[in-house]
Amino acid sequence: MTTLTLTINKQDYQLDNLDARTTLLDVCRHHLQITGPKKGCDHGQCGACTILINGRRVNSCLTLAVMHEGDEITTIEGIGMPESLSALQQAFNDHDAFQCGYCTPGQICSATALIEEVKQNWPSYVTADLKNPDGLLVQEIAERMSGNICRCSAYPNIIKAISQVLESEVTAQSKNATTDALQGSQVTGIWSPPPSQTQIGQSSNHSQASNTLGERS
Amino acid sequence: MRRFEYSRADAPQQAAMSASAKEAAFIAGGTNLLDLMKLEIETPIKLVDVTHLSLAQIETTDEGGLRIGTLVSNSDLAGHPEVVANYPVLSRAILAGATGQLRNKATTGGNFLQRTRCYYFYQTDSPCNKREPGTGCPAINGENRSLAILGTSDSCIAQHPSDMAVAMRLLDAKIETVKADGNTRAIPVSEFYCLPKDTPHIENVLESGELITHVVLPAPIDGMHTYDKVRDRASYAFALVSCAAVIDVDDNGNLDTVRLAFGGIGTQPWRNEEVEALLTGTDGNNDVVTQAADLLLQDAKGNGQNDFKIPLTRRLLKQVIQRALAGEGA
């Protein structure tokens with residue numbers, strides 16, 4: 001008997017004699033009842049199944065579960081639950097960034113990774129200067145989210161929600177970077193985004209952020 | 001999906017040996033392979049997982065170039081500081097393809113091995129010489145809007161889908177491999193792909209079990225690096241026509257380096273060095289660009305719906321040259 005151990009949302013799951021054909025998406029949904037990742041096209045075209053593997057967004061429908069022993073797998077359930085919404089989940093709520101909601105877990109997993117990619121200065125196809133991408137631009141967010149389709153076409157509000165969190169986290173990062181440089185401490189890991197103002201119960205000062213957003217859009 | 005035997009390889013040669021069995025396949029990113037396996041277009045009976053091999057590094061070479069491990073993801077390659085600084089045409093080409101999710105999984109070696117997106121290749125109830133040799137090609141007189149105009153044959157007009165490989169062709173990259181017997185070789189991208197002729201199911205020169213281990217880039221080329229991709233929507237679509245270019249203009253306004261490679265129009269990443277030679281040393285005036293386009297497209301053959309790719313390629317070439325002369329580019 002072969003046993004596969006998968007680490008999903010910081011919990012170990014053992015699967016005995018799993019058919020090697022089983023995708024990570026089907027393991028989550030059918031074997032473990034982790035139903036946040038959704039099956040849309042099952043061919044990597046719609047993004048509804050997006051999850052994070054070792055912090056990176058991937059289509060869980062296009063990878064085999066047997067290939068992921070030892071990897072850190074995170075689904076929407078690991079990003080936040082109703083009583084502990086992440087900043088992005090709260091922002092999607094606040095901005096009404098969905099209609100039917102089927103694509104939303106994938107959108108939020110994707111956007112969670114997008115924020116880290118922007119912090120790490122990853123360029124995109126629409127980046128003017130590859131060495132200095134401005135990931136806060138609306139066209140950058142749209143390009144970077146092109147792997148997540150929304151049949152209800154909630155795109156304007158999805159972009160608003162992501163913009164809001166991106167602005168606050170990127171600003172927080174630049175402040176932290178200064179502090180870190182002074183104290184010589186390590187930059188926090190990909191899985192430790194600072195809590196949002198909303199999460200810690202403080203209303204944020206949006207005036208500067210809204211001005212910037214207005215100019216960018 | 002058909003059943004297969006799964007194994008995880010620990011060393012490159014061992015992987016090559018495991019995969020030299022009939023109907024065996026390597027799996028790394030799997031983004032194209034699993035898509036095709038679900039449709040039973042690919043039906044390996046043995047799958048050798050190479051993702052745990054130590055082939056995910058990028059190192060500089062003694063010649064001033066880069067040696068890229070085959071498992072380096074498309075995201076990591078596109079964003080690598082050396083690539084961004086010295087090979088921006090490669091960064092831009094990679095970023096023009098697929099989505100963030102797919103680029104995170106897709107690997108350097110695997111990107112070269114993508115199969116065509118010809119509708120009939122994907123439609124398993126239709127004939128296709130690439131999928132089932134000898135059954136015929138309905139694309140030639142059918143839905144061929146996205147298909148190739150160069151390098152085609154009476155058997156197949158499927159286009160090569162990769163953006164990355166177009167930039168790799170432009171940069172004179174070499175593909176390093178290991179075979180089951182432990183022998184290694186370095187194959188220039190220019191010699192890697194096979195024209196369809198009457199064997200469109202044979203797409204490259206790799207032997208059974210031969211594993212891509214690295215891709216080597218020569219020293220960087222000065223000039224403006226650009227990648228233009230014309231497609232039906234602004235993101236996440238295959239190229240109708242794309243053009244990778246490195247162009248340098250001297251102080252007198254003449255073109256002194258011209259490299260051009262095209263995607264979307266060929267059965268393989270398309271480059272014609274004679275076109276580059278014709279343009280080099282000229283001031284890139286309209287007449288010479290017209291001659292260059294004539295030369296590039298002299299053997300081009302449309303099949304109806306894809307006829308538009310011929311004038312579209314001409315216009316894209318003109319735009320790329322004019323923009324370089326104007327000093328604009330990445």
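What follows is a short chat about how parts of this predicted model touch one another.

Visitor: Let's start with chain A: into which domains is it divided?
Guide: This is a predicted model, and the bounds come from an automatic or database domain assignment. For chain A, that gives domain 1 (3–78) and domain 2 (82–216).

Visitor: How many residues does the contact take from each of those two domains?
Guide: Contact here goes by C-beta atoms lying within 7 Å. On that basis, the contact takes 15 residues from domain 2 of chain A, and from domain 1 of chain A 14 residues.

Visitor: Which strand gives the most to the side of domain 1 of chain A that touches domain 2 of chain A?
Guide: Two strands, β3 (50–53) and β4 (56–59) of chain A, each supply at least two residues to that side. By class, the residues there are seven nonpolar, four polar and three charged. With three residues, the strand that gives the most is β3(A).

Visitor: Now the two chains: which element has the largest share of the side of chain A that touches chain B?
Guide: In this contact, 28 residues of chain A meet 27 residues of chain B. On the chain A side, β4, α4 (104–119) and α5 (138–144) each supply at least two residues. The largest share is four residues, and they come from β4(A).

Visitor: And how do the residues on that side of chain A divide by class?
Guide: We're still on the side that touches chain B, where 28 residues of chain A take part. They divide into seven charged, 10 polar and 11 nonpolar.

Visitor: Over in chain B, how far apart are the C-alpha centres of domain 1 and domain 2?
Guide: The assignment for chain B gives domain 1 (5–52) and domain 2 (224–324). Their C-alpha centres lie apart by 36 Å.

Visitor: How are α11(B) and α12(B) oriented to each other?
Guide: Helix α11 (residues 286–296) and helix α12 (residues 309–325) of chain B pack with their axes 10 Å apart, at an angle of about 135°. Roughly perpendicular stops at 115 degrees and roughly antiparallel needs over 145. The two helices, α11(B) and α12(B), are therefore oblique.

Visitor: What residues by class make up the contact of α11(B) with α12(B)?
Guide: The crossing of α11(B) past α12(B) is right-handed. The contact uses Val289(B), Ala292(B), Ala293(B) and Leu296(B) from α11(B), and Arg314(B), Leu317(B), Lys318(B) and Ile321(B) from α12(B). By class, that makes two charged, no polar and six nonpolar residues.

Notes:
Residues are numbered from 1 along each chain as its sequence is written. Chains are lettered from A and ligands numbered from 1 in the order in which they are written. This is a predicted model: local features need pLDDT of at least 70, side-chain atom pairs count only at pLDDT 80 or more; totals for chains, interfaces and linings use all residues. Axes are lines fitted to C-alpha atoms, for helices over the stretch in contact, and angles run from 0 to 180 degrees between N-to-C directions. Angles under 35 degrees count as roughly parallel, over 145 as roughly antiparallel, 65 to 115 as roughly perpendicular and the rest as oblique. A crossing is left-handed if the near helix is turned anticlockwise from the far one by less than a right angle, and right-handed if clockwise. Ala, Val, Leu, Ile, Met, Phe, Trp, Tyr, Cys and Pro count as nonpolar, Asp, Glu, Lys and Arg as charged, and the others, Gly among them, as polar.
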